[in-house]
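Biologist: I would like to learn how to read a model like this one. Please take me through it feature by feature.

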Amino acid sequence: MTLLQSLLHLTNFKSPLLRTLVPSISAAYAIQLAFAVPSILAQNEQFYDFSGSLTFLSVTALSLCLPSVRTRYSPASTNASASLPSRLVSFAGPGALNWRQIALSGAVVLWAVRLGSYLFKRIVQDGKDSRFDEIKKSPVRFGVAFFAQATWVSLCLLPIVTLNSVPSTVFAALSPIKVSDTLGLLIYLGGFAFEITADWQKSQWLRERRDKIHDEQFMTRGLWSISIVGLLSGVAMSYVSPAFVSLLLLKVSGVPLSEKKYDERYGNRKDYQEWKRNTPKLFPKLM
C-alpha cells in the first residue's frame, strides 16, 4: 500500500464531507507549520502572506481533486492504474466535477494568486511588514499568528470544501444554472474588481508621493474616499464566507491594525478625524 493509499484509507470516513474536510484542514495547518518554524527561528515575516496564499491554493486544489482521487483508488475502480493527471481531473463518470465546483475553486485560485503576488511584491520592496515589528520578537505570538492564519484559511474555505465534497449524483438533480449561481458570481466579480481597483489606486498614490507630486500623508481619494480600507472591502465582498471575513477584518486584524497605526500618526489632525468620522470603515458609502 502506497503512502497516498494509506492516507486515503486513514481519512476514509463514512461522511463525504469529512472525507474531504479533514484532509483539507489538516493540510492548512501543516503548511502553516512548515512556514512558521523557519520564520520564527529567523524572526522574519517575509513569507507570512505568501504562505497564506499558498495555503488557500493548496487546500482548494486538494478539496477539488480528493473526491475524484478516492474514486479512482476505490477497490471497485477499474482505472486505478491511470496516470496521476487523469486521476486529478475528471469531468465525466463517477467522481465527475460539476461546473460550480470548478468555477468557485477557480475564483479562489484567481483571488489568491493576485493578492498573494501583490502582497509578496510589496514586502520584498518594503523589506518588512510593520504589523510584525513586535510580534516576530516573541516566538509564541509569532506562532499564534501562523496558527490564526491556518484557522482563517480553513474557515474561509469551508464553503468551498463543503461544495467540493458533494457527490456528483447530487448535482445531477439540480438545474444546470440557477439565479443564485449568477448572483453569487456577480458579487464575487464586483468585490474582486473593487479590490484590484483599490490596490491600483493606493499604488498610484504612493508612487506620486515618492515622486513628490503630492505631499498627502494619508489617502482619502478614489475608493478610499468611500471606505477607510478600500482593499479590504473588496476582500469581504468577493468572499464566499463574507460574514466571518467581515467580522475578522472589522474586529481582529484588518481595520483595528490599520486604524491603530494611522491614529498614532495622524490622530491629532482635523482632516484625518473628519475623514475617519465621515467614511465607513469597511463597506463603501455609495450615496
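The dialogue below goes from overall layout to single residues.

Modeller: Some ground rules come before the features. Residues are numbered from 1 along each chain as its sequence is written, and side-chain values use heavy atoms, with hydrogens and water left out. This is a predicted model, where local features need pLDDT of at least 70, side-chain atom pairs count only at pLDDT 80 or more, and totals for chains, interfaces and linings use all residues.

Biologist: What is the mean pLDDT of the protein chain?

Modeller: pLDDT is the predictor's confidence in each residue, from 0 to 100. The protein chain averages 80. At least 70 is reached by 76% of the residues.

Biologist: Which elements have the highest and the lowest mean pLDDT?

Modeller: Helix α2 (residues 16–42) has the highest, at 95. Helix α4 (residues 84–88) has the lowest, at 46. In residues 80–84 the pLDDT falls below 50. That stretch has 4 contacts in the model beyond near neighbours in sequence, where contact means heavy atoms within 4.5 Å. Residues 236–240 are also below 50, but with 22 contacts counted that way.

Biologist: How many helices and strands does the protein chain have?

Modeller: Helices (H or I, at least four residues) and strands (E, at least two) are DSSP runs, numbered from the N terminus. The protein chain has 13 helices and 0 strands. Its pattern along the sequence is α-α-α-α-α-α-α-α-α-α-α-α-α. Now look at contacts between residues at least 6 apart in sequence: 74% of them join residues at least 24 apart.

Biologist: At what angle do helix α1 and helix α3 pack?

Modeller: Start with the method. Axes are lines fitted to C-alpha atoms, for helices over the stretch in contact, and angles run from 0 to 180 degrees between N-to-C directions. Helix α1 (residues 3–10) and helix α3 (residues 48–73) meet at about 105°, and their axes are 11 Å apart. Therefore α1 is roughly perpendicular to α3. The cut-offs are these: under 35 degrees is roughly parallel, over 145 roughly antiparallel, 65 to 115 roughly perpendicular, and the rest oblique.

Biologist: Which residues make that contact?

Modeller: From α1 come L4, Q5 and L8. From α3 come L66, V69, R70 and Y73. By class, the residues of this contact are 5 nonpolar, 1 polar and 1 charged. Here Ala, Val, Leu, Ile, Met, Phe, Trp, Tyr, Cys and Pro count as nonpolar, Asp, Glu, Lys and Arg as charged, and the others, Gly among them, as polar.

Biologist: What share of the residues is buried?

Modeller: Buried means under 20% relative accessible area, exposed over 50%, and partly exposed in between (1.4 Å probe, protein chains only). Of the 287 residues in the protein chain, 39% are buried. Take S105, in helix α5 (residues 99–126). S105 is buried, because its relative accessible area is 3%. Leaving out residues up to four places away in sequence, S105 touches T60, L64, I160 and N164.

Biologist: Is L21 buried or exposed?

Modeller: L21 lies in helix α2. Its relative accessible area is 15%, so L21 is buried. The C-alpha atoms of L21 and S63 are 7.5 Å apart, yet 42 residues separate them along the chain. L21 also touches L158 and V161, again setting aside residues up to four places away.

Biologist: Where is G184?

Modeller: G184 is in helix α9. It counts as partly exposed because its relative accessibility is 36%. Its C-alpha atom is 9.6 Å from that of L104, which is 80 residues away along the chain.

Biologist: How many disulfides does the structure hold?

Modeller: A disulfide is a covalent bond between the sulfur atoms of two cysteines. The test used here is a pair of cysteine sulfur atoms within 2.5 Å. The structure holds 0 disulfides. C65 is buried at 17% relative accessible area, and C156 is buried at 0%.

Biologist: Which residues have a positive phi without being glycine?

Modeller: Most residues other than glycine have a negative phi. Q43 has a positive phi of about 50°. Q43 sits in the loop between α2 and α3. With 41% relative accessibility, Q43 is partly exposed. K212 also has a positive phi, near 60°. K212 is in the loop between α9 (179–210) and α10 (230–238). K212 is exposed, with a relative accessible area of 74%.
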